[in-house]
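Q: Hi! Could you walk me through this structure while I have it open on my screen?
A: Happy to, let's take a look together.

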Amino acid sequence: MTLRQNIFIILLAVQFATPAISQNLELIVEDVNLDAYPLIRINASLFENGIPVSPGQKAHLKLIDNGIDQDVRMSCAGDENYIGMYLNNIDDDYDRARTFIYSWDDPQNPIVNTALHILGRLNSDSHAAVWDNRSIQVGDDGFNSDHSMNRDRVMNMPGTYAGASQPIYRTYNGLGRLASLPDRKYLVMLGADISLEFYDNNRLMVVPPEDIADILRRKNIPVYIFTFLNRELGTPTGYIGRTYYWFDLFTKISGGKLYELHPKDTLRLEEVAEEIAEDIHSQIDAKYCTISYTAEGCTDSVRTLELTVELNGQIATASTVITTPSRPDTLALTVSSESDDVVPPQSFDVYLHLEPHISTAFLTSFSFSVHYPPHAFEVQAPLLSDGTMMSENYVDIVNIHDEGFTCTIDYGRAIQSNGNLLGFTLRAPRPASSRPAFITIDSLTFENGCPNTVITYPDTVYICRCEKGLDVAIENVGVVTEEEIRLPVTVRDVRFSTNPIFTNFFTTKIQFNREYLEPIGVDGIGALTNDALLGWRIEGGDTLVVYADESFVAGESDVLFYARFRVKQPKAAVESHLSVPYVRAFSDCCYGLEKTSTTSILIDGECEKIVRRAGEFTLAQNAPNPARGETSFRFTVHSKGALDGKPAHLTLYRSDGKAIAELYNQSITDGEYTIPYSTADLPAGMYYIVLTIGKDSQTRSVVVE
């Protein structure tokens, strides 16, 4: 489907008076072709006193697009016409044979008949060149208007098969000559049915099809391709699929046509021969000018075009408003793996997800490199996944090495406006140790009609030789009286390897109460991360993320690292809770947190000191914690008789502050008290146990699983 538009034009006929005669010059826009947008082609007619005129090289044209002067090219009726024709006889490769279906002198040969039909309708203003696989230069005799000689040349060609991809190779050579000529140009490829590769002195060479596409587009050369490629005999990425892809693209961006035929369909061959000849000659005979230019910017969906033609001292203008495809300038390209954890030698798909959208009406080109750690992955066949935005295009994956590869596409058209741009398959070979592997994109250029700015986002894939649990805790430091504290985060039953052959990494999260604590740093001094390069950041305002994303050799300590906080001293003494909800670590295996670890610190207030009361009673942490069905609460009174006879209240609260159970309500004396409690009926979550004796109280957090 084309993007050809019928335009309603506002015509301004301007009358100029001369000493002898008064004349009217009128400009009419016939249609606007957006097939190769942002290349815009405008067909316009010029009338003088109501009679069509051909301004030729005498006219001066000015075009303004949304207020910006454009550099335009114009060819008009009455200009010279140049037609380049490549001819190749039809062999039975369509049916996997190499015998000719028609001899060259067969009256039914559609290649010969189509060429003769086109040449027979050319006038003296038209120049043609004819070449085949044996031609050393374009037509040997070049472009000429002796069409009788050109017809004889067609009939006297040997019509033999001359080897792989000579159609494209000879056409590429001929196109360079054709593009250098002025005025109107047309390219016809009859019997083009071989791949883009060719042999020169037994060396395999590749014709750059993107160069052909670029010439056709920039020089405004419609191409008509008459091919017998049988796509059913090939694959999309094989030579037949690749060739057909480019043939289809050549015709779409140039405003020509592609005909895919069966060589034995005689009736259809005759129809196509007539259709090609008629289409070319209708353009040659048309009484209009073709104006082409490349629009600047692709974010405008509405364009106001203002044309001005000056001819023989007279001026005519026309203006119109057209609707064009548009898309945003800035895109996001995100690496998205289908698997977060990969167990070698597992294969998995990785997609590059594009948002917010591009235009399917624009041609798209891009080039970028995909990187990952050395030897982390291997690219697997098939190299590209189906069902992506560019899956119907030919994408080059080149420069495959131990750390990635490069993707390029020069001329493509997306089948959908957003989603997964590309997908590819990777395999994780068995590594010496488990580790996270970052997949990133760089060296990226992207153009959807016009250049885009693309922000890339990497993804992390965890390569795991095995999976094990990890027990991490924040050690209680008692009552806090300082302005800064250094909390040890410990690993119980140390799993980090001290063997240098293993790579050690980790990421930890610590949740804290930002009303009382402010993270100011981390360190590994004296810890097992003594030689690690530690990093940290604040996430969501109340979570400290600590990580070592560069490999380190573990020390002998059971302290993973130390977290440093600044204490915001409250008016009254408080208990502030900290928890470790997440740990992901890598060494010989991949380690994950077995359960959330929670602790609390007691902070002295400005007016109320916990230290003064610390010798009177102590509420211990319940055991086990987390509680699974049964737990015990223990407190000790050591007041030297000061609290004898006073009532003690031990109460369990939900996290929202609602009391749900009173476990103890009796008078006490010095001694140790243990109260068993069943948590079987409690929902899993966080609770608090509060011991109150007189006016004083102490609190501990309780986790129920």
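**Around helix H2**

A: Let's start with helix H2: E10, H1 and E11 are among the elements that cover its buried residues. Keep in mind that this is a predicted model.

Q: Which residues of H2 are buried, then?
A: In H2, which spans residues 147-155, the buried ones are His 147, Asn 150 and Val 154. Looking down the axis of H2, these buried residues fall within an arc of 55°, so they line one face of the helix.

Q: Why would residues spaced like that point the same way?
A: An α-helix has 3.6 residues a turn, so residues three or four places apart point the same way.

Q: And H1, what does that lie across?
A: Helix H1, residues 110-120, lies across E10, E11, strand E12 (184-190) and strand E15 (223-227). Its direction is at about 170° to E10.

Q: What's the strand order in the sheet there?
A: It goes E11-E10-E12-E15-E16, an open sheet of five strands with parallel pairing. Strand E11 (126-131) and strand E16 (257-260) are the edge strands, each pairing on one side only. On average, neighbouring strands of this sheet are turned by 10° against each other, ignoring direction.

Q: How many bridges join E10 to E11?
A: Six, and the two strands run parallel; E10 covers residues 81-87.

Q: Changing topic: how many aromatic pairs does the structure hold?
A: There are 17 aromatic pairs. Take Phe 405 and Phe 424: their ring centres are 5.0 Å apart and their planes are at 85°, so this pair is edge-to-face. The pair links distant parts of the chain, with Phe 405 in strand E26 (residues 404-412) and Phe 424 in strand E27 (residues 419-427), 19 residues apart.

Q: Are those two buried or exposed?
A: Phe 405 has 1% relative accessibility and counts as buried. Phe 424 is buried too, with a relative accessible area of 0%.

Q: What about Phe 506 and Phe 561, how is that pair arranged?
A: Phe 506 and Phe 561 are stacked, at 5.8 Å centre to centre with 5° between the planes. Phe 506 is in strand E35 (residues 504-511) and Phe 561 in strand E39 (residues 559-567), so the pair ties together parts that are 55 residues apart in sequence. Both Phe 506 and Phe 561 are buried.

Q: Which residues make up the cluster of ring pairs?
A: The cluster consists of Phe 496, Phe 506, Phe 552 and Phe 561, linked by ring pairs.

Q: Nice. Where do Arg 486 and Lys 509 sit?
A: Arg 486 lies over the face of Tyr 562, 3.6 Å from the ring centre. Lys 509 has its charged end over the ring of Tyr 582, at 5.2 Å from the centre of that ring.

Q: One last stop, strand E23. How many of its residues are buried?
A: Six of the eight residues of E23 (residues 364-371) are buried, so this strand is largely enclosed by the rest of the structure.

Q: And what does E23 run antiparallel to?
A: E23 runs antiparallel to E26, joined by seven bridges. Strand E28 (residues 435-448) is also antiparallel to E23, again with seven bridges.

Terms used: Residues numbered from 1 in each chain as written. Predicted model: local features only at pLDDT ≥ 70, side-chain atom pairs only at ≥ 80, totals over all residues. Heavy atoms only, no water. Pairing = 2+ DSSP bridges. Helix = DSSP H or I, 4+ residues; strand = E, 2+ residues; numbered from the N terminus. Axes fitted to C-alpha atoms, helices over the stretch in contact; angles between N-to-C directions. Contact = heavy atoms within 4.5 Å. Buried < 20%, exposed > 50% of the residue type's maximum accessible area, 1.4 Å probe, protein only. Arc of directions from axis to C-beta. Phe/Tyr/Trp six-rings, centres within 6.5 Å; stacked < 30°, edge-to-face > 60°. Lys NZ or Arg CZ within 6 Å of the ring centre and 35° of its normal.
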